[in-house]
Amino acid sequence: MSGPGFDAALGLLQGGPLLIAAAATLIAGLMRGYSGFGTAILLAPVYSTLWGPRIGVPVMLLMELFVSAYLLPRAFAQANQRVIFSIGGAAILATPLGAYILFVADGATLRRAIGLFVLVFGLLLMSPWRYHGRRPLSLNLAVGTVSGLLKGATGMSGPPVILYLLSGPEAAAQHRANLILYFGLIGIVAVIPPLWGGLVGWPVLLLVAVMLPLLLAAVPVGARLFHVIPVGWYRRLALLALVGAGGFALLA
């Protein structure tokens with residue numbers, strides 16, 4: 001099997017960038033299995049820097065689908081479905097609008113914007129600030145809309161939702177279930193614009209074929225670590241990974 005597109009795709013599977021992507025994928029899988037989030041936030045800046053946003057974002061979105069399918073059944077019953085379905089519904093409607101940015105924006109500018117956004121998010125998580133107000137339907141819809149726009153444009157819907165949901169009084173297990181349910185809902189819709197727009201070609205498919213086994217191997221390990229590693233330890237390591245990924249995309 002050969003051709004210009006296939007041969008160009010094989011060129012992406014060589015050298016140092018592939019090793020960097022593999023290491024980031026393993027770390028992202030551990031984060032996702034442990035906390036319920038981390039795949040897109042860590043991989044979007046790294047993949048976009050290595051391969052460009054129009055390849056990196058679709059690769060990450062397709063991989064996210066498989067991870068959500070693995071985690072979702074166990075989390076569904078534990079999640080706060082009233083809150084998550086309202087946020088997720090708004091995000092689903094807004095995702096196609098955000099995807100327009102992915103198609104028309106300059107690749108280098110979008111990559112740096114992704115890196116800056118992840119860096120700011122990591123610093124916010126390091127700070128003591130959290131939202132501690134109520135969760136009325138109007139605010140759920142607003143957070144979901146912003147998250148959907150981000151998902152379509154950058155592959156990352158997590159930062160607003162994570163800051164919003166982690167501020168609540170729920171136990172750690174329900175926080176994790178809420179995030180897994182949300183990412184499962186929006187992940188299904190987020191892959192449609194790249195597929196419809198022709199971004200899922202040989203480069204994306206080959207990279208998914210290489211990176212997905214690494215991610216799927218790491219996720220169950222992270223899920224088991226949820227019952228072993230103290231949250232404080234995980235939090236420090238995760239924040240270092242986020243700040244490093246954002247700085248990598250911003251400065252590379």
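The charged end of Arg135 sits over the ring of Tyr164, 5.9 Å from the ring centre, where a charge counts as over a ring if NZ of Lys or CZ of Arg is within 6 Å of the ring centre and within 35 degrees of the ring normal. The model is predicted, so local features need pLDDT of at least 70 and side-chain atom pairs count only at pLDDT 80 or more, while totals for chains, interfaces and linings use all residues. Residues are numbered from 1 along each chain as its sequence is written, and side-chain values use heavy atoms, with hydrogens and water left out.

**Overall architecture**

- The protein has twelve helices and zero strands, both being DSSP runs numbered from the N terminus, with helices (H or I) of at least four residues and strands (E) of at least two.
- Read along the sequence, the pattern is accordingly written α-α-α-α-α-α-α-α-α-α-α-α.
- The radius of gyration is 17 Å, which agrees with the value near 18 Å that a compact globule of 252 residues would have; the radius is taken over C-alpha atoms, and the globule rule is 2.2 Å times the number of residues to the power 0.38.
- Along the principal axes of the protein, the C-alpha trace spans about 55 × 40 × 35 Å.
- Buried residues make up 54% of the 252 residues, where buried means under 20% relative accessible area, exposed over 50% and partly exposed in between, with a 1.4 Å probe and protein chains only.
- Among contacts between residues at least 6 apart in sequence, 85% join residues at least 24 apart, a contact meaning heavy atoms within 4.5 Å.

**Nonpolar core and aromatic residues**

- The largest nonpolar core holds 66 residues, of which Tyr47, Trp51, Val59, Met63, Leu165, Tyr182 and Met211 touch the most other members; such a core is a set of buried Ala, Val, Leu, Ile, Met, Phe, Trp, Tyr and Cys residues joined through side-chain atoms within 4.5 Å.
- Helix H4 (residues 53–75) contributes the largest share of this core, with ten residues.
- The count of aromatic pairs comes to four, under a rule that pairs rings of Phe, Tyr and Trp (its six-membered ring) if their centres lie within 6.5 Å, with planes under 30 degrees apart counted as stacked, over 60 as edge-to-face and the rest as tilted.
- The ring centres of Tyr47 and Trp51 are 4.8 Å apart and their planes stand at 45 degrees, so this pair is tilted.
- Tyr47 and Trp51 are separated by about one helical turn, because they are four residues apart in helix H3 (residues 39–51).

**Arg32 and its surroundings**

- Arg32 has its place in helix H2 (residues 16–35) and counts as buried, at 0% relative accessibility.
- The side chains of Arg32 and Ser68 are joined by a polar contact of 3.4 Å, defined as a pair of N or O atoms within 3.5 Å in which, within protein, one must be able to donate a hydrogen and the other to accept it, residues adjacent in sequence counting only if both atoms are side-chain atoms.
- Apart from neighbours within four places in sequence, Arg32 is in contact with Phe37, Gly38, Thr39, Glu64, Val67, Ser68, Leu71 and Phe183.

**Residues in other helices**

- Leu225, in helix H11 (residues 202–225), is partly exposed with a relative accessible area of 28%.
- Although Leu225 and Met31 are 194 residues apart along the chain, their C-alpha atoms are separated by 9.7 Å, and Leu225 touches Leu30 and Tyr34 when residues up to four places away in sequence are not counted.
- Gly89, in helix H5 (residues 81–104), is partly exposed at 30%, and its C-alpha atom is 7.3 Å from that of Gly144, a residue 55 positions apart from Gly89 along the chain.
- Leu150, in helix H7 (residues 137–154), counts as buried at 17% relative accessibility, and is in contact with Phe117, Gly155, Met156 and Pro160, leaving aside neighbours within four places in sequence.
- Ala69, found in helix H4, is exposed with a relative accessible area of 54%, and lies 29 Å from Phe248, C-alpha to C-alpha, across 179 residues of sequence.
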